Amino acid sequence: MPLLTVAAIYFIIWWTVLFIVLPLGYRSQQEDGEVTNGTVESAPTRFRGGRVILLTTVISTLLYAGYYVASAYFGVGIADIPVIVPTFD
């Protein structure tokens, strides 16, 4: 598999997982009762960017490894996905 294809697939997986991981452990300033002047109440109390990026990278790597094993060793590809949309002949 070409390197650019690997990077593109990994980036798509990583970006999707980022939006799944981002709200995990989120606490707003309103929930903690400590609203800082000049911020909205829904702003996070403590943003843990490093933890979010690390967790996203680990999960994405595992998902990509699963995809790679399925495609390289078992031959599963896009053509094996069932067709949901009916064809009108």
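Student: What makes Arg27, Glu31 and Asp32 a network of salt bridges?

Tutor: Start with the cut-off: a salt bridge is a side-chain nitrogen of Lys or Arg within 4 Å of a carboxyl oxygen of Asp or Glu. Arg27 and Asp32 have their closest N and O atoms 2.6 Å apart. Arg27 and Glu31 meet at 4.0 Å, N to O. Arg27 takes part in both pairs, and the three residues are linked in a network.

Student: What are these distances taken from?

Tutor: The model is predicted; local features need pLDDT of at least 70, side-chain atom pairs count only at pLDDT 80 or more, and totals for chains, interfaces and linings use all residues. Residues are numbered from 1 along each chain as its sequence is written, and side-chain values use heavy atoms, with hydrogens and water left out.

Student: How many salt bridges does the structure hold?

Tutor: The count is 2.

Student: Why are Arg27, Glu31 and Asp32 placed in their accessibility class?

Tutor: Buried means under 20% relative accessible area, exposed over 50%, and partly exposed in between (1.4 Å probe, protein chains only). Arg27 has 42%, so Arg27 is partly exposed. Glu31 has 48% and is partly exposed. Asp32, at 29%, is partly exposed as well.

Student: Which class does Pro23 fall in, and why?

Tutor: Pro23 has a relative accessible area of 51%, so it counts as exposed. Pro23 sits in the loop between α1 and α2 (29-32).

Student: How do you know what secondary structure the chain has?

Tutor: Helices (H or I, at least four residues) and strands (E, at least two) are DSSP runs, numbered from the N terminus. The chain comes to 3 helices and 0 strands. The pattern along the sequence is α-α-α.

Student: What sets the chain apart from a compact globule?

Tutor: The radius of gyration is taken over C-alpha atoms, and the globule rule is 2.2 Å times the number of residues to the power 0.38. For 89 residues the rule gives 12 Å; the chain has 20 Å, so it is more spread out than a compact globule. The C-alpha trace spans about 60 × 35 × 20 Å along its principal axes. Of the 89 residues, 15% count as buried.

Student: How does the span of α1 compare with the expected one?

Tutor: The expected span is 1.5 Å times one less than the number of residues. Helix α1 (residues 3-21) has 19 residues, and 27 Å is expected. Its end C-alpha atoms give 26 Å, close to that value. For α3, with 24 residues, the 34 Å found is close to the 34 Å expected.

Student: Why are the buried residues of α1 said to line one face?

Tutor: They are Ile13, Trp14, Val17, Leu18 and Val21. Seen down the axis of α1, they fall within an arc of 145°, so they line one face of the helix. The arc is that of the directions from the helix axis to the C-beta atoms. On the other side, Leu4, Phe11, Ile12 and Phe19 are exposed.

Student: What do the buried residues of α1 pack against?

Tutor: They pack against α3 (49-72). In α3, the buried residues Gly49, Val52, Thr56, Ser60 and Tyr64 pack against α1 in turn. Contact here means heavy atoms within 4.5 Å.

Student: Which contacts does Thr57 make beyond its neighbours within four places in sequence?

Tutor: Thr57 is in contact with Tyr10 and Trp14. Thr57 lies in α3. Its relative accessible area is 30%, so Thr57 is partly exposed. Its C-alpha is 9.6 Å from that of Trp15, 42 residues away along the chain. Across the chain, 58% of contacts between residues at least 6 apart in sequence join residues at least 24 apart.

Student: Where does the record place the "transmembrane region" annotation?

Tutor: The unreviewed UniProt entry gives residues 6-26 and 52-70. UniProt positions follow the numbering used here, feature names are shortened, and annotations may be inferred rather than shown by experiment.

Student: How much helix does each annotated span hold in the model?

Tutor: Residues 6-26 are 76% helix and 0% strand, with end C-alpha atoms 31 Å apart. Residues 52-70 are 100% helix and 0% strand, with ends 27 Å apart.
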